[in-house]
Amino acid sequence: NIKLEIYNIIGERITAKEWEYDNSTARPGSEKELAWDGTKSDGSRLPTGTYFCKIVLKSDTDGAEYKIDRKIVLIR
């Protein structure tokens with residue numbers, strides 16, 4: 001399972017998405033592509049700026065987690 005959370009510069013969570021990843025169907029261009037469209041949870045567009053993302057990968061088999069934190073620059 002994959003969870004993506006997006007935060008603004010002051011640490012407020014803007015949106016979150018979750019996917020169940022299946023090696024046979026999750027690949028670029030598929031309906032299960034891992035992507036964020038630059039919008040808030042309510043669907044409104046975010047302005048150009050710096051945002052932070054937190055990605056959590058969790059194994060279904062043993063429950064192990066891997067966490068990634070990155071900075072994103074959104075340019076419109």
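Trainee: Which residue stands opposite Lys54 in strand 4?

Mentor: In this predicted model, Lys54 has Asp69 opposite, a residue of strand 4. Further along the two strands, Lys58 stands opposite Glu65 of strand 4.

Trainee: What makes strand 3 and strand 4 a pair?

Mentor: Two strands are called a pair if at least two bridges are found between them, and strand 3 is joined to strand 4, residues 65–74, by ten bridges. Ten meets a threshold of at least two, and therefore strand 3 and strand 4 count as paired; they run antiparallel. The hairpin that they form has six residues between the strands, and there Gly63 takes a positive phi near 80°.

Trainee: How do you know that strand 1 also counts as a partner of strand 3?

Mentor: The same rule of at least two bridges applies, and strand 1 and strand 3 share six bridges in the antiparallel sense, so this pairing qualifies as well.

Trainee: Why are strand 2 and strand 4 called edge strands?

Mentor: The four strands form an open sheet in the order 2-1-3-4, with antiparallel pairing. Strand 2 and strand 4 each have a single partner strand, so one side of each is left without a neighbour in the sheet, and that places them at the edges. On average, neighbouring strands of this sheet are turned by 15° against each other, with direction ignored.

Trainee: What pattern does the chain follow along the sequence?

Mentor: The pattern is β-β-β-β, in keeping with a chain that has zero helices and four strands.

Trainee: Why is Ile2 called buried?

Mentor: A residue counts as buried when its relative accessible area is under 20%, and Ile2, with 10% relative accessibility, falls below that limit, so it is called buried. Ile2 has its place in strand 1, and its C-alpha atom lies 4.7 Å from that of Leu57, although 55 residues part them in sequence.

Trainee: How do you know that Val56 belongs to the buried residues too?

Mentor: Val56, which lies in strand 3, has a relative accessibility of 16%, which is under 20%, and therefore Val56 is buried as well. Apart from its neighbours within four places in sequence, Val56 is in contact with Asn1, Ile2, Lys3, Glu65, Tyr66 and Lys67. One of these, Tyr66, is ten residues away along the chain, with 5.8 Å between the two C-alpha atoms. For the chain as a whole, buried residues make up 25% of the 76 residues.

Trainee: Which residues make up the largest nonpolar core?

Mentor: Nine residues make up this core: Ile2, Leu4, Ile6, Ile14, Trp19, Leu46, Tyr51, Cys53 and Leu74. Strand 1, strand 2 and strand 3 each give two or more of them, and strand 1 supplies the largest share, three residues. Ile6, a member of this core, touches Glu12, Arg13, Ile14, Thr15, Trp36, Tyr51, Phe52, Cys53 and Ile72 when residues up to four places away are left out.

Trainee: What share of the contacts with a separation of 6 or more joins residues 24 or more positions apart?

Mentor: Such residues account for 42% of those contacts.

Methods
Residues are numbered from 1 along each chain as its sequence is written. This is a predicted model: local features need pLDDT of at least 70, side-chain atom pairs count only at pLDDT 80 or more; totals for chains, interfaces and linings use all residues. Side-chain values use heavy atoms; hydrogens and water are left out. A nonpolar core is a set of buried Ala, Val, Leu, Ile, Met, Phe, Trp, Tyr and Cys residues joined through side-chain atoms within 4.5 Å. Buried means under 20% relative accessible area, exposed over 50%, partly exposed in between (1.4 Å probe, protein chains only). Contact means heavy atoms within 4.5 Å. Axes are lines fitted to C-alpha atoms, for helices over the stretch in contact, and angles run from 0 to 180 degrees between N-to-C directions.
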